[in-house]
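I opened my notebook to look a few things up, one entry at a time. Come along and check each entry against the picture.

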Number of protein chains: 4
Amino acid sequence: MKSSTPLAPRRKPRQSRAQVTCDAIITATAQILVKDGYDAASTNHVARVAGVSVGSVYQYFSSKEALVMAVMERYRAEGLTDLEEGMARLSGATLREALRLLIRQVLAKKAENPRLHQVLVEQLPRMRQLQQVDPYAVRMLRLVRDFLQPHAREVRPKDLDMAAFIIFNTVESLTHVALSSRPDYLTREAYVDELCALVLGYLQPTRESVRRPPARTSRTRTAATRKSRSARNR
Amino acid sequence: MKSSTPLAPRRKPRQSRAQVTCDAIITATAQILVKDGYDAASTNHVARVAGVSVGSVYQYFSSKEALVMAVMERYRAEGLTDLEEGMARLSGATLREALRLLIRQVLAKKAENPRLHQVLVEQLPRMRQLQQVDPYAVRMLRLVRDFLQPHAREVRPKDLDMAAFIIFNTVESLTHVALSSRPDYLTREAYVDELCALVLGYLQPTRESVRRPPARTSRTRTAATRKSRSARNR
Amino acid sequence: MKSSTPLAPRRKPRQSRAQVTCDAIITATAQILVKDGYDAASTNHVARVAGVSVGSVYQYFSSKEALVMAVMERYRAEGLTDLEEGMARLSGATLREALRLLIRQVLAKKAENPRLHQVLVEQLPRMRQLQQVDPYAVRMLRLVRDFLQPHAREVRPKDLDMAAFIIFNTVESLTHVALSSRPDYLTREAYVDELCALVLGYLQPTRESVRRPPARTSRTRTAATRKSRSARNR
Amino acid sequence: MKSSTPLAPRRKPRQSRAQVTCDAIITATAQILVKDGYDAASTNHVARVAGVSVGSVYQYFSSKEALVMAVMERYRAEGLTDLEEGMARLSGATLREALRLLIRQVLAKKAENPRLHQVLVEQLPRMRQLQQVDPYAVRMLRLVRDFLQPHAREVRPKDLDMAAFIIFNTVESLTHVALSSRPDYLTREAYVDELCALVLGYLQPTRESVRRPPARTSRTRTAATRKSRSARNR
DNA sequence: GATGAATGAGAATTCATTCAT
DNA sequence: GATGAATGAATTCTCATTCAT
């Protein structure tokens, strides 16, 4: 349908005024994506909103796709940075604590600008057809894997790459799908609990992994919990 | 952008000839979606492939969206039926066995026509904007919930609706994402194992839920594992 | 720069109203080419002048080039037919007489619509890049060759294909160039004389080939002419 | 369409550095014309290839047309000089010898850079619309006329201006058309022979003008030929 | 019911040209 | 003199949709 044009920005602006223009264009694109969706983000519309001429848009972006790509890039770079920082702050936390923090962060990030998130995720497959590899996804997975690595022995899955893939995508998807079809879940602490239970139950199926607040002596607690649950379910 | 037209087929054709035409149109649309993607599925193209005139397409479908919607409807109806039948065949199976069967079925279904699945999933959000509620999703969730209900006492989550939501979307998403970015996973039994572990670990976190074939001496081994892990975590 | 699109008309119109539209489009294109030149013949402009929508233009012609091609085709078909008819009327004429008639006809044809002729000739090379072979040119040359064939023994050149090529292009070019840079020549009988002299001198260098009116007994006349000319040149 | 801007270079650069820039621009234009054709020769592209900014291009050339014009000018000036030199070397040669040399030279010149020649010839008409008179053509014709002048008495045509026009354009056109549609002819000595025959037959129709090497006993053979032909024609 | 010709708004993209720095 | 960012009119072409036959 479309000959594959390179999606990378066309030229790196050298003069500062060019940088301003370039930023304005990306920002305008994001705005339109949020307000009116992908189809409304025509290059002319973007130019108009950015307060520049179409020509300027094409000076920096070789196509409409490149434009969306740039927004995506920016958004995902943020996500990556956030996650990196989040993880940096995690030293000393238990796996359970760490997971809860990270899941909460992912939810918060997406809830921050749900519309943009939504539109970008919807366009991802389209972009992937054009870009063979998705360096962002690769780095994200690596991050999760590196997070799991030190816990390798406490954790059931042997294939940490697959585990990272599963965990990352589970959290992403469940956040995303809640966002679009059960927004009420996003504000319910129970949902976070369940996500944590899901991931922890996957990583450490023999532990009781859901009760909050975290107990001190895991062995005893587990036994207790198990008993009490049987009681409840009776 | 677009005035919201009703997406239901325009007329239920009563004559069998008309039914044939209508089917041909849906089939043609599906074909094109699979072969060339959403953008290529122009109404004229569909008409040509279906061997009818554009006029006839508009006789049965009020818009392009209605067309895609019909394909989606058909595809999802199949999925629903499959799941219903799958569940019907489940009587007597343990939760673990049942889950494995169902997960395998979902994977198989999607792998059957990955391209169509992909395109339709990509278009889902677009459709959702037009249809506020997604009756298919509702029924799917109900099905999963009804499946969980009899196991309510063996299972940790108390909010079975949320559990159904989480399980259903987890399996769907992980199948989908594997399809598009890790097709190799689809053929690896280990991936099915992990999905089962994920869901079972969520539903029954205190049980050992992954080893295959299912261990007979689970209690002992579980205890042992638990001990060694506690040791490590100390 | 441009991926090579097929230049043949897109669809043969089946309904008569379509034929009307199609003709109107070609006629409008020709008009614009004549009045404003190639660059002005934008598809929108053509549509406007033809009194149809751009969409209709693209229904029948796959690109702007196809449009010009159609005009060319029509114009050249006329030229071919004219030449065929002209030759049919030639039975019994001597080579000299025949040539004079044909040359006069070519000149007349081009003078008939000089502007159109000019524009089309200018665009020929562009079209040739798109169409590998030029069937019209082939047929024209064959026509000239077939005209020479019966005279093969009266005529000096042995390679009749090359002779046809040379004669045809000489007459064409000299007509064309006169048209664009010496329009005064077109109305001067002397110019026709010279063209005849050129071609005849090429075909039959030993004959005296220019004097008008045609003499009866060629042998005597030739001798006489030769003598008188020497006298003049003295 | 376009307001008629003067086509002469904007400023004659006096500083040598500027001259270098100016040359670089013309050379770049020529290069692009050769490699990618007229449409690809955008001013920005030219600037990039020339290693200057668009602004600099417009410092020296008032428009894109002026740019192409400059290339044309340069190319044609070469042609003119070549012809002048060629003629200067001709003293003592017979008309026949002279013609053969000149024709060969024209062919060689065009074959030297066929692509450039082609592009420029295609653009000639466009340029002519802007420049009413073509001083180059005028000078070329004068040159040919001056060449004919001394032979005025050996030569049939009396209107030497028209003769120059015809000869010049015949040779030019037949070279050009061979270049673009019968490149094989360019390397065949027979083609040169035929061109010579054409021109000589035009200038001196009573002489035998084609046999090569030039016959010494032309009178006898000519007579013989004439006889046999008359016989055939009888 | 069916056809397919016609529509036309609107999309992406280019490129000659200007002008502030 | 030189730069290159910015311009924006203009162009090609598509496609969902309508409606006369």
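**Entry 1: a lysine in chain B**

Is Lys109(B) buried or exposed? I looked it up: Lys109(B) has a relative accessible area of 11%, so it counts as buried (buried means under 20% relative accessible area, exposed over 50%, partly exposed in between, with a 1.4 Å probe and protein chains only). Lys109(B) sits in helix H5, residues 95-112 of chain B. Helices (H or I, at least four residues) and strands (E, at least two) are DSSP runs, numbered from the N terminus. Leaving aside neighbours within four places in sequence, I found Lys109(B) in contact (heavy atoms within 4.5 Å) with Tyr75(B), Glu78(B), Gly79(B) and Asp82(B).

**Entry 2: ground rules**

I noted that this is a predicted model, where local features need pLDDT of at least 70 and side-chain atom pairs count only at pLDDT 80 or more, while totals for chains, interfaces and linings use all residues. Residues are numbered from 1 along each chain as its sequence is written, chains are lettered from A and ligands numbered from 1 in the order in which they are written, and side-chain values use heavy atoms, with hydrogens and water left out.

**Entry 3: chain A as a whole**

I looked up the secondary structure of chain A and got 11 helices and 0 strands. Of the 234 residues in chain A, 50% are buried. Among its contacts between residues at least 6 apart in sequence, 69% join residues at least 24 apart.

The UniProt record, an unreviewed entry, places a "DNA-binding region" at residues 42-61 of chain A. UniProt positions follow the numbering used here, feature names are shortened, and annotations may be inferred rather than shown by experiment. That span is 75% helix and 0% strand, and its end C-alpha atoms lie 13 Å apart.

I found Tyr60(A) in helix H3, residues 54-60 of chain A. Tyr60(A) is buried, at 9% relative accessibility. Tyr60(A) and Pro9(A) are 51 residues apart along the chain, yet 5.7 Å separates their C-alpha atoms.

Next I turned to chain C, where Tyr58(C) lies in helix H3, residues 54-60. Tyr58(C) counts as partly exposed, at 31% relative accessibility. Not counting residues up to four places away in sequence, Tyr58(C) touches Arg10(C), Thr43(C) and Ser63(C). From Tyr58(C) to Pro9(C), the C-alpha separation is 9.5 Å.

**Entry 4: one helix in chain D**

Which residues of helix H2 (residues 43-50) of chain D are buried? I listed Thr43(D), Val46(D), Ala47(D) and Ala50(D). Seen down the axis of H2(D), these fall within an arc of 100°, so they line one face of the helix; the arc is that of the directions from the helix axis to the C-beta atoms. A reminder to myself: an α-helix has 3.6 residues a turn, so residues three or four places apart point the same way. The buried residues of H2(D) pack against helix H1 (16-36), helix H3 (54-60) and H4 of chain D. Gly51(D) follows H2(D), with a positive phi near 75°.

Last, I looked for cavities: on a 1 Å grid over the protein atoms alone, a cavity is a set of points where a 1.4 Å probe fits but cannot get out, and lining residues have an atom within 4 Å of a point. I got 4 cavities of 30 Å³ or more. The largest cavity holds about 170 Å³ of space, a volume being the space filled by probe spheres set on the points, which are joined across faces, edges and corners. Its lining has 14 residues, and the closest to its centre are Leu102(D), Val144(D), Ile167(D), Phe168(D) and Val171(D).

Definitions and conventions: On a 1 Å grid over the protein atoms alone, a cavity is a set of points where a 1.4 Å probe fits but cannot get out, and a pocket is an open set with protein on both sides within 12 Å along at least five of seven lines; lining residues have an atom within 4 Å of a point.
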